[in-house]
Amino acid sequence: MTELKNDRFLRALMKEPVDVTPVWMMRQAGRYLPEYRETRGQAGDFMSLCMNPELACEVTIQPLERFPLDAAILFSDILTIPDAMGLGLYFETGEGPKFRKPVRTAADVEALTVPDPEKDLGYVMDAVRTIRKELNGRVPLIGFSGSPWTLATYMIEGGSSKDFRRIKGMMYDQPQMLHQVLDVLAQSVTSYLNAQIKAGAQAVQIFDTWGGVLSPQCYQEFSLKYMQKIAAGLIREHDGRKVPVIMFTKNGGQWLESMADAGADVLGLDWTTPIGEARSRVGDKVALQGNMDPSVLYASEATIRKEVARILESYGPGNGHVFNLGHGIHQFVEPEKAGVFVRAVHELSAEYHS
């Protein structure tokens, strides 16, 4: 086991003391970096990049070469599980992900099986192992998956959606059929994340990108319940160290109290909920991750620093905060602005940890 040279991210997730607030960015390895675009061009297309462990490792580490980030996140996609279920994932330019075989009928649902993470998703595990070796204890590695609800939206809609009419139609009219889909996905995500942990992921995040489109009652029944099942089934200690679990529901700030009881160690916040208010609502139950609006990175350096200072002040002194954007970094952000953001978090947070 390689000793971590910088473990402040893991310590903050477990609400332990740190010298400065740790920071990483969702989508930190991505299209805003010219070196990423070059490597993606070399791979041919997005999925070929995901399925090449050496190139996935290369792009995972690229942002660490530019910025003093406190964690690396596995370069992959949330739709690897449905793809491994044989639904035929492909990407259409300008339209995002699509499935050749969407899940619409009872027969489609019956045909779903839990993928074997080492066999059907072995390229992801190979990437995790390669990245861990290459990091050599530099910073911790985050593994991740989409939430069952979020994965189901793509599988049932056949791709991205604005109105979620197919999945919501199924949810209201054939709830048992949707529960069957979500149950298979919860088993799949649990197995997938546990395999990532065994391969070397030191923390894991569940991305519930579309939970916020649900009513409060439906969120509890069709999204949170299944993330709770996953949290209960995850390996929570590996290589002699705790493996923290982060749960992130975009536009889910109204449900923080329920989320804090769902078994995760950390809740991710988007920018629509003040982090100080969130802290007072969840108390000591969980750590918090977030939550600057990614669009702030289009502003001046002075504005970025001012917004970082405001969020740090809102959270206040003490432990249990990992700084992040409220969602993924946008592709048109200048890399230099991301650097200003990361350095500002470290510089301005020291006074809150004395």
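Leaving aside its neighbours within four places in sequence, which residues is F9 in contact with? They are P22, W24, D70, A71, P140, I142, A203, I246, Q289 and V322. Contact here means heavy atoms within 4.5 Å.

This is a predicted model, in which local features need pLDDT of at least 70 and side-chain atom pairs count only at pLDDT 80 or more, while totals for chains, interfaces and linings use all residues. Residues are numbered from 1 along each chain as its sequence is written, and side-chain values use heavy atoms, with hydrogens and water left out.

F9 also belongs to the largest nonpolar core, which has 132 residues. A nonpolar core is a set of buried Ala, Val, Leu, Ile, Met, Phe, Trp, Tyr and Cys residues joined through side-chain atoms within 4.5 Å. Buried means under 20% relative accessible area, exposed means over 50%, and partly exposed lies in between (1.4 Å probe, protein chains only). F9, M25, L178 and F341 touch the most other members of this core. Helix 10 (residues 175-199) gives the core its largest share, 13 residues. Helices (H or I, at least four residues) and strands (E, at least two) are DSSP runs, numbered from the N terminus.

Seven strands form an open sheet with parallel pairing, in the order 1-4-5-8-9-10-11. Two strands pair if DSSP finds at least two bridges between them. Strand 1 (72-73) and strand 11 (321-322) are the edges, and each pairs on one side only.

Follow the order inward. Strand 4 (residues 141-146) runs parallel to strand 5, and five bridges join them. Strand 5 (residues 203-208) is mostly covered, with six of its six residues buried. A203, Q205 and F207 point one way from the strand, and V204, I206 and D208 point the other way. In a regular strand the side chains alternate between the two faces of the sheet.

Five bridges also join strand 5 to strand 8 (residues 245-249), again in parallel. Here D208 stands opposite T249, and I206 stands opposite M247. Strand 8 is mostly covered too: five of its five residues are buried. V245, M247 and T249 point one way from strand 8, while I246 and F248 point the other way. Next comes strand 9, joined to strand 8 by three bridges and running parallel to it. I246 has V266 in strand 9 as its bridge partner. Further along, two bridges join strand 10 (residues 287-289) to strand 11. L288 is partnered there by H321.

Next, a pair of helices. Helix 8 (residues 148-157) and helix 9 (residues 165-173) pack at an angle of about 110°, with their axes 8 Å apart. Axes are lines fitted to C-alpha atoms, for helices over the stretch in contact, and angles run from 0 to 180 degrees between N-to-C directions. The two helices are therefore roughly perpendicular to each other. Angles under 35 degrees count as roughly parallel, over 145 as roughly antiparallel, 65 to 115 as roughly perpendicular and the rest as oblique.

W149, A152, T153, I156 and E157 in helix 8 meet R165, R166, I167, M170 and M171 in helix 9. The residues of this contact divide into six nonpolar, one polar and three charged. Ala, Val, Leu, Ile, Met, Phe, Trp, Tyr, Cys and Pro count as nonpolar, Asp, Glu, Lys and Arg as charged, and the others, Gly among them, as polar. Helix 8 is mostly covered, with ten of its ten residues buried. G158 follows helix 8 and has a positive phi, near 90°.

Finally, look at the loops. Most residues other than glycine have a negative phi, and most peptide bonds are trans. K15 has a positive phi, near 60°. K15 sits in the loop between helix 1 (8-13) and helix 2 (34-43), and it is partly exposed at 32% relative accessibility. D239 has a positive phi of about 55°. Its loop runs between strand 6 (237-238) and strand 7 (241-242), and D239 is partly exposed at 42%.

The peptide bond from G290 to N291 is cis, with omega near 5°. N291 is in the loop between strand 10 and helix 14 (301-315). T273 touches N291, and among its other contacts are G253 and R281. T273 lies in the loop between strand 9 (266-268) and helix 13 (275-282), and is buried, with a relative accessible area of 6%.
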